[in-house]
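Dear colleague,

Please find below the structure that I am handing over to you.

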Amino acid sequence: MDADVGLQEEDMEGSWTLLSWLASCLMVFGGALPYVPQYQEIQRSNNTEGFSTRVCLVLLIANILRIFFWIGKQFELTLLLQSVVMILTMFAMIHLCCTVQNTNRVSTKQHRLSDLDIRYFWKWSAFEDYLLFCFGFTVLSAVVTLLLLDSAVFVETLGSLAVMFEAMLGLPQLLQNFQNRSTKGMSVKMVLLWAAGDVFKTTYFVMNASPTQFWVCSSVQILIDVAILLQVLLYSEDTRTKLG
């Protein structure tokens, strides 16, 4: 009898370990999945106007800061790996956008980071400029973090900034849709996967007792996802016709 109970406990423990491992893998790579349909949409249409590259800016800053937050306050390794995967994904998105924009550009004039023109911030023509900006931001963050690493207040502030930026990832897309009065060119699948991922993340953070900043800001992300999905309905042709 005791042996049977022991076997059942081992099976349950093994099942829980497997589920935990699968959840961790989903956390690491799941954040990048929403950008697959958007990547395909840009390739198919050869147009980037429906996608806000400032989403990439927000996520790059958020994940660079999260890496330094991990150095100051070592939480789950899963979230650190997730940041690395997300940074690589954002560079892939930016590289595609630069390629498409340069192919479609009529004017020969290019905008470079070295121009120091604020009007064209994050609208540069060369992919290398985005890499250079991120490298500079990373070096600056590293220096400040090394100087203030012993300050608990600084470390917590760093974590709050990281998740606050991440919570705002959908905001540039929301504003671009509002400005265009259209969601054409934006992958609805991307937003649906955002929403699904954010619900999963919030649950994961609560169950794993992650720092409070994580689950609070992921809840904000869900609200922004819902707002973008409402835009899809509002700016659809059928809705426009009904509203006159």
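The second largest pocket has a volume of about 280 Å³. A pocket here is found on a 1 Å grid over the protein atoms alone, as an open set of points where a 1.4 Å probe fits, with protein on both sides within 12 Å along at least five of seven lines; lining residues have an atom within 4 Å of a point. Grid points are joined across faces, edges and corners, and the volume is the space filled by probe spheres set on the points. Of the 20 lining residues of this second pocket, Gly30, Gly31, Pro34, Leu193 and Gly197 are the closest to its centre. Helix H1 (2-30), H4 and helix H8 (188-207) each give two or more residues to this lining, and H8 has the largest share with seven. Helices are DSSP runs (H or I, at least four residues), numbered from the N terminus. By class, the lining divides into 12 nonpolar, five polar and three charged residues. In this scheme Ala, Val, Leu, Ile, Met, Phe, Trp, Tyr, Cys and Pro are nonpolar, Asp, Glu, Lys and Arg are charged, and the others, Gly among them, are polar.

Two remarks on provenance apply throughout. The model is predicted: local features need pLDDT of at least 70 and side-chain atom pairs count only at pLDDT 80 or more, while totals for chains, interfaces and linings use all residues. Residues are numbered from 1 along each chain as its sequence is written, and side-chain values use heavy atoms, with hydrogens and water left out.

The largest pocket holds about 760 Å³ of space. It is lined by 26 residues, of which Phe51, Thr53, Gln101, Lys123 and Gln176 are the closest to its centre. At least two lining residues come from each of helix H3 (54-72), helix H4 (77-104) and helix H7 (171-180); the largest share, six residues, belongs to H7. The lining of the largest pocket comprises 12 nonpolar, 10 polar and four charged residues.

Two residues other than glycine have a positive phi. For Asn46, in the loop between helix H2 (35-45) and H3, phi is near 55°. Asn46 is partly exposed, at 35% relative accessibility (buried is under 20%, exposed over 50%, partly exposed in between, with a 1.4 Å probe and protein chains only). For Trp122, phi is about 60°; this residue lies in the loop between H4 and helix H5 (127-148) and is buried, at 1%.

The whole structure contains zero disulfides (pairs of cysteine sulfur atoms within 2.5 Å). The cysteine sulfur nearest to that of Cys98 belongs to Cys97, 7.1 Å away. Cys98 is buried at 4% relative accessibility, and Cys217 is buried at 14%.

There are 10 aromatic pairs in the whole structure. Rings of Phe, Tyr and Trp (its six-membered ring) pair if their centres lie within 6.5 Å; planes under 30 degrees apart are stacked, over 60 edge-to-face and the rest tilted. The pair of Phe121 and Trp122 is tilted because its planes stand at 45°, with centres 6.2 Å apart. The planes of Phe121 and Trp124 stand at 85°, so this pair is edge-to-face, with centres 5.5 Å apart. Phe121 is partly exposed at 25%, whereas Trp124 is buried at 3%. Ring pairs link Phe121, Trp122, Trp124, Tyr130 and Phe133 into a cluster.

Lastly, Arg181 lies over the face of Phe178, 4.3 Å from the ring centre (NZ of Lys or CZ of Arg within 6 Å of the centre and within 35 degrees of the ring normal).

Yours sincerely
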